[in-house]
Amino acid sequence: MTTLTVNGQKVTVDAPGNTPLLWALRDYLGLTGTKYGCGIEYCGACTVHIDGEAEKSCEVSLADAAGKHVTTIEGLSSALSSKLQQAWIAEQVPQCGYCQSGMLMSAAALLRAHPNPTDAQIDSGVRNLCVCGTYPRVRKAIHRAAGM
Amino acid sequence: MDMSSAVIDRRQFIKISSAAAGGLMLGISVPLQSRSAMAAGGSQVSAWISIAPNETVTIEVGSAEMGQGVLTSLPQIIAEELMAEWSKVKTRMAPPAAVYANPLYHQQLTAGSGSVRGYFDAMLKAGATAREMLVAAAAARMGVSPSECQVSNGVVTANGQSVTYGEVADDAALLPPPSNPTILSASRGYQLVGSSVKRLDIPSKVNGSAKFGIDARVPGMVYAAIKHCPTLGGEVAATPAKPAGAIAVVNLGNAVAVVANDTYAAFRLARNLTVSWNIPTASQNLDSSIIAQKAVSLMNSGVAAVAESKGDIGAGFAKAVKTITSTYSFPYLPHACMEPLSCTVDLRADSCTIYAPTQAPGAVQAVAAGITGLAASAITVNSLLMGGGLGRKFEIDYISQAVTIAKQVGQPVKLTWSREEDMSHDQYRPSGLVRIRLGMDGSGAVTSYSSRIVTPATRISVMARTGVPRMLMRLVA
């Protein structure tokens, strides 16, 4: 049994402590917005915020997340996040959309650290993999959100 | 669009009795009407269009969404002729049924960039048919003739009165569809088609509510992972014993599946499972260098089929003052969709409900019927969003595996391929070796060109795997 706070709610998960947070979220809590892409901390589809920091949830164990505050795409509801989501719609960023939850979580963390990021800061701060190739629109949408 | 329900309930089988030339249903069977009414909260004007009292227009899309935008483009074509209020349009993927077949392929298959060109005329006709039915119902309500009516954004007006689509959808659904509806855009031009509307699926893709195939959840389900034989053609020698922590181990012929309480446990148990395989002699020394050597040997001396020949190639090269010969090779490549393969199956004694990311819902239904022994009418296929398809998801290997596992374990199951299995057991884009010879005259003009290609003949193997007929393979591959 592991207790943590997910999207502002205290939850208890009855899964082995070595279960990656990704699978605790998806299989035990039904929060399927966080995606499985590679399982080796490479693609970023599983990015969530842990105590405010962007982390790849496939390589964080449930035990390590105990007592922490986890935010998933379903919980992105701050003013900053809603600007990002509006910008994502305005720039029509997603195609298949599978990587976009993680992309948005990375972008939200970037904007907290750099409210008005340069292209270089976006490129180095948002390293999520997108097979559809939405990168130019991701960059535009982040600039748009920064200007809102 | 509404892709946000956790598990889309389409268990009720849809019996399509007959379809008009334009793809519109003539005889709307009761189950289809009730399904749509339940799901959309409105009246089904045709197989394609339901309209709710709150004016929401729900449009069924015959193709599957994998990022190409078809959940928006096909509704745009229908709405062009329907003259509905675009902001009221919702969209969803249709279940497998003859009425939803792509007219280009005569099958419900999303492949070969064929959605808009295949469905275009049928969607215009579907929109026009429903519009004429709605206008007829509105005219009757207002006590005028349809010719006195004007339509704009889902509102029918005549002689100072007005009626909305939502108010008369019930009545319209009972009218016979016109056999030859007027395609208004043929004379007035397009208003919606050709404009860059916002994609209907995007809002659900920025807040985590979009449901992809891999996101399907069924109450009480267990989780399966797979371990394929590392060598092509190899088979399980003996079903391994069930490891501690597993619910079941299932022999799938060229692979074993491990079923567990969650995906991670299943992945880990499958990875650590020791399996003994029977490897056929022909595969024992199969590797990239042997394949490459064979390709070079065939390039140099293999008997080739001539695909196309024009003019006198020998004379052309004889005339050439300069000849360039260049050989290009390309490797086997996995599709590498961002969403690994997955399929969820809820198999009961008399029914089977499947949730999958699929480009070929009809093939899914057929393969499940074959494995379960149930009639196709007892197999419900829920097409969910695809995190990339790229042709990999009109294959049915992952579907047949999931159905076989569900049959063996006797409870709902979700099969997820790990990324490692997804990359190493793809139906790969075939390798190829191409030699191009170009002859030029003194001014640099091309006098002759030849291209000799060595590549596996994939159509035959794809047809054997998927049941896609030969005619179709010419169109999509």
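How many residues does the contact take from chain A and from chain B? In this predicted model, the contact takes 32 residues from chain A and 31 residues from chain B.

**Figure 1. The side of chain A that touches chain B.** Three helices of chain A, H1 (21-28), H2 (79-90) and H3 (100-113), each supply at least two residues of this side. By residue class, the side of chain A that touches chain B divides into 17 nonpolar, 13 polar and 2 charged residues. For the complex, the predictor gives an ipTM of 0.97 and a pTM of 0.89.

**Figure 2. Confidence along chain B.** The average pLDDT of chain B is 89, and 89% of the residues score at least 70. Residues 1-40 of chain B have a pLDDT below 50. Beyond near neighbours in sequence, this stretch has 95 contacts in the model.

**Figure 3. Helix H11 of chain B and its surroundings.** Helix H11(B) runs over residues 361-372. Among the buried residues of H11(B) are B:Pro361, B:Gly362, B:Ala363 and B:Gln365. Just after H11(B), B:Gly373 has a positive phi of about 80 degrees.

**Figure 4. The crossing of H11(B) and H12(B).** The two helix axes come within 9 Å and cross at roughly 35 degrees. The crossing is right-handed. From H11(B), the residues B:Val364, B:Val367, B:Ala368, B:Ile371 and B:Thr372 meet B:Ile399, B:Ser400, B:Val403, B:Thr404 and B:Lys407 of H12(B). The residues of this contact divide into 6 nonpolar, 3 polar and 1 charged. Those listed for H11(B), B:Val364, B:Val367, B:Ala368, B:Ile371 and B:Thr372, are also buried. An α-helix has 3.6 residues a turn, so residues three or four places apart point the same way.

**Figure 5. The surroundings of A:Val126.** A:Val126 lies in the loop between helix H4 (119-125) and helix H5 (135-146) of chain A. A:Val126 counts as buried because 24 C-beta neighbours lie inside 10 Å, the cut-off for a buried residue being 20 or more. Leaving aside residues up to four places away in sequence, A:Val126 touches A:Met103, A:Ser106, A:Ala107, A:Leu110 and A:Val138. A:Thr12 is 114 residues from A:Val126 along the chain, and their C-alpha atoms are separated by 31 Å.

Figure 6. Most residues other than glycine have a negative phi. A:Asn7, a residue other than glycine, has a positive phi near 50 degrees. A:Asn7 sits in the loop between strand S1 (2-6) and strand S2 (9-13) of chain A. With 19 other C-beta atoms within 10 Å, A:Asn7 is partly exposed. B:Ser113 is not a glycine either, and its phi is positive at about 50 degrees. B:Ser113 belongs to the loop between strand S4 (89-93) and helix H3 (115-142) of chain B. Here 10 other C-beta atoms lie within 10 Å, so B:Ser113 is exposed.

Conventions:
Residues numbered from 1 in each chain as written. Chains lettered and ligands numbered in written order. Predicted model: local features only at pLDDT ≥ 70, side-chain atom pairs only at ≥ 80, totals over all residues. Helix = DSSP H or I, 4+ residues; strand = E, 2+ residues; numbered from the N terminus. Expected span 1.5 Å × (residues − 1). Buried ≥ 20, exposed ≤ 12 C-beta atoms within 10 Å, placed from the backbone. Axes fitted to C-alpha atoms, helices over the stretch in contact; angles between N-to-C directions. Left-handed = near helix turned anticlockwise from the far one by under 90°. Contact = placed C-beta atoms within 7 Å. Nonpolar A, V, L, I, M, F, W, Y, C, P; charged D, E, K, R; others polar. pLDDT = per-residue confidence, 0-100.
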